[in-house]
Amino acid sequence: MPLQVSDYSWQQTKTAVFLSLPLKGVCLRDTDVFCTENYLKVNFPPFLFEAFLYAPIDDESSKAKIGNDTVVFTLYKKEAAMWETLSVTGVDKEMMQRIREKSILQAQERAKEATEAKAAAKREDQKYALSVMMKIEEEERKKIEDMKENERIKATKELEAWKEYQRKAEEQKKIQKEEKLCQKEQQIKEERKKLKYKLTRNSASRNLAPKGRNSENIFTEKLKEDSIPAPRSVGSIKINFTPRVFPTALRESQVAEEEEWLHKQAEARRAMNTDIPELCDLKEEEKNPEWLKDKGNKLFATENYLAAINAYNLAIRLNNKMPLLYLNRAACHLKLKNLHKAIEDSSKKFCSLEGTECQASEPKLSHHIPCDLHVYIHVA
């Protein structure tokens, strides 16, 4: 049981109470102080000091100073008045217990309010910090967008300047080409004039020749004059070429193979014009059955059999007259242990080769079904 301390001293003014309590050689870290409006307790084992104060005090502004084996309290009164005693007199044990419990509840409520206030302040600080960070990020994002916009404007200006330079260069080349053509035409005209002048001069010199020549020379000159051809007249020759789908010449092409290729392309285009949902997201080169077949072969080589089956399915929807598509799909089903589907695709491949209706007869299929399926056929 703790020992009650009674050798304390206190003084007062109208606004404050000064209480000095000796610790009696107890370590400072073992001292526990509890103070409320009407109750003061100092616990320093094995000693205990309790005071049920005469009047309420302001416990928030009151102070306690521990040093030199003494605790000095400065208690500020809520009402300015002189106290008759430090503790209330005539208090029984029940009232003391009620005061203690009331003081503890007040301290707990105050601690709870302080904790809530601290938590609210922390939340406000976090909210403020978050808003500041969002503002900084928004400014950074805006800065980056402005930089991108400036770079885009700069690139656009450079592109426009390059296009203008190219246009001017093309115009300059065109002008130079026209000038060269004009020069060539002028040279041709001058050459024609010179040639015409020479012909006129030669004819005049022949007419002015002396008459002393014999008749044989005269006839010879006439024949020479008649043998000179007149200048050709300007005209245009129209050349018609045989219409060709392929860029090669007709003499270098094989008509039968080209006709077969064109027939397959027409069937593929007709299939692409149908409402197939899988064709919506494909490029033009991806809508070619040959391209899809090659894609399926690559997927089969990487052991991605389901994707290969999808590629072969789409290729068959585009062109169902390619036997290799059925055979390749049968190989994929065989790898996935879908034996019925493998047999069905092998049968379709055989029928497409024969050009007849599909009749899954075992003797005919034995030459086209992979060897792994023969055991399954005999067991089934």
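Predicted model: local features only at pLDDT ≥ 70, side-chain atom pairs only at ≥ 80, totals over all residues.

Me: How many disulfides in the whole structure?

Reply: The search of the whole structure comes back with 0 disulfides.

Me: OK, switching topic. How many helices and strands does the chain have?

Reply: The chain has 9 helices and 8 strands.

Me: What share of the residues is buried?

Reply: Of the 380 residues in the chain, 21% are buried. The chain exposes about 29700 Å², and 54% of that comes from carbon and sulfur atoms.

Me: What about contacts across the sequence, how many join residues at least 24 apart?

Reply: That's 49%, counted among contacts between residues at least 6 apart in sequence.

Me: Now the helices. How do H4 and H5 cross?

Reply: H4 covers residues 289-301 and H5 covers residues 305-318; their axes come within 8 Å and cross at roughly 165°. Angles over 145 degrees count as roughly antiparallel, so that is how H4 and H5 run relative to each other.

Me: Left-handed or right-handed?

Reply: H4 passes H5 in a left-handed crossing.

Me: Which residues meet there?

Reply: On the H4 side they include Pro289, Leu292, Gly296, Leu299 and Phe300. The H5 side includes Tyr305, Ala308, Ala311, Tyr312, Ala315 and Leu318.

Note on methods: Residues numbered from 1 in each chain as written. Heavy atoms only, no water. Disulfide = S-S within 2.5 Å. Helix = DSSP H or I, 4+ residues; strand = E, 2+ residues; numbered from the N terminus. Buried < 20%, exposed > 50% of the residue type's maximum accessible area, 1.4 Å probe, protein only. Contact = heavy atoms within 4.5 Å. Areas by Shrake-Rupley, 256 points an atom, 1.4 Å probe, with all protein chains shown as cover. Axes fitted to C-alpha atoms, helices over the stretch in contact; angles between N-to-C directions. Parallel < 35°, antiparallel > 145°, perpendicular 65-115°, else oblique. Left-handed = near helix turned anticlockwise from the far one by under 90°.
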